[in-house]
Amino acid sequence: MNISRRFILQSGTSFLLTASIHGCMHNTPSTSHLKISDTLLTQIEKRGYLLVATEEDYPPFEFLLNGKPAGFDNELLTRLRQEVPFEIRQEMVPWQGILPGVAEGKYDVALTAAGITDERAQFLSFTTPIAESTIAYLKRKDDTSIQEIQSLSGKVLGVKQGGISLAVVPELATELKKQGGTLGAVKQYRSYGDAYQDLINENIDVVLNNIVSLSVLVDEKPAIFELGERVSRKSYAAWAVKQGNQELLDVLNQFLQRQKAQGELKKLQEYWFKVTFDDLPEQPLLPGDRPIYNPNF
């Protein structure tokens with residue numbers, strides 16, 4: 001079976017066309033005002049704008065539809081622009097360059113669903129979580145050889161280069177060893193679209209990704225894909241800034257907390273993810289619901 005990369009990335013044309021209409025319906029001006037420090041405003045005014053980085057092929061969080069940004073994070077970005085008194089510019093770049101770019105000061109915000117991990121918490125500060133990002137596996141619907149985690153022993157896994165799916169591979173290896181199995185080959189991809197295509201073409205056996213993205217893909221193509229078990233501890237996704245940029249972090253958290261309090265975050269989750277996360281923590285947490293310890297604060 002051959003399915004184009006564009007088809008895989010968009011997870012169904014009818015869904016995305018509807019999504020585009022949904023986004024337009026919610027882009028109403030806001031009358032709310034965020035508390036922004038004079039220091040932060042001065043810094044932004046000196047350059048003239050705030051620069052955020054997003055992906056272009058990470059549905060349902062961020063993707064392009066007819067050349068225009070769409071998805072969960074992009075809808076939130078539209079709302080954030082209505083809440084602040086300065087310009088926000090957006091650059092869409094490959095995932096591999098987003099977090100390093102923020103850490104180096106190239107971008108102010110990684111406005112993407114970045115999984116909160118121990119390694120990343122050493123050089124980034126995260127907002128309150130926007131979704132759960134626990135990693136699960138995706139398999140072909142007709143592959144009966146995979147029924148549970150134990151049956152992943154020796155299988156070829158597809159993960160995203162530099163992504164949280166790659167970071168949980170050691171955790172999966174440990175679990176397989178406990179069950180008498182062994183970790184198979186791990187193939188890294190620059191985009192999930194390529195990984196899904198290789199899964200269809202039987203070049204790999206499963207793809208590891210967050211449960212939100214996989215759930216949406218399976219919902220759109222149930223005859224092709226099947227969602228498997230979680231392979232990692234419970235984890236969360238959030239936006240990120242350079243570690244120590246507390247004033248900007250405070251503004252982003254104000255915005256997200258307001259969206260949550262007004263019920264808007266839940267509406268967006270329900271629409272884009274087909275599931276809501278009503279029990280997200282108020283603070284960023286490491287996998288396994290562990291608090292982040294930062295000696296600088």
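**Entry 1: helix H5.** I began with helix H5, residues 95-103, and looked up which of its residues are buried; Trp95, Ile98, Leu99, Gly101 and Val102 are. These residues lie on the same side of H5, because they cover an arc of only 160° around the axis. I noted the general rule alongside: an α-helix has 3.6 residues a turn, so residues three or four places apart point the same way. The model I am reading is predicted.

**Entry 2: the cover over H5.** I next asked what covers the buried residues of H5. The cover includes strands S1 (50-54), S6 (109-115) and S7 (124-126), together with S10 (157-160) and S14 (236-242).

**Entry 3: after the helix.** I checked what follows H5 and found Gly105, with a positive phi near 90°.

**Entry 4: the protein as a whole.** I recorded 11 helices and 16 strands for the secondary structure. Of the 297 residues, 54% count as buried. For contacts with a separation of 6 or more, I found that 78% are between residues 24 or more positions apart. I also looked up the accessible surface, which comes to about 13,400 Å²; carbon and sulfur atoms account for 50% of that surface.

**Entry 5: confidence.** The pLDDT of the protein averages 89, and 88% of the residues score at least 70. Over residues 1-31, however, I found the pLDDT to be below 50. This stretch still has 57 contacts in the model beyond near neighbours in sequence.

Conventions. Residues are numbered from 1 along each chain as its sequence is written. This is a predicted model: local features need pLDDT of at least 70, side-chain atom pairs count only at pLDDT 80 or more; totals for chains, interfaces and linings use all residues. Side-chain values use heavy atoms; hydrogens and water are left out. pLDDT is the predictor's confidence in each residue, from 0 to 100. Contact means heavy atoms within 4.5 Å. Buried means under 20% relative accessible area, exposed over 50%, partly exposed in between (1.4 Å probe, protein chains only). Helices (H or I, at least four residues) and strands (E, at least two) are DSSP runs, numbered from the N terminus. The arc is that of the directions from the helix axis to the C-beta atoms. Accessible areas come from the Shrake-Rupley method with a 1.4 Å probe; for residues, only the protein chains shown count as cover.
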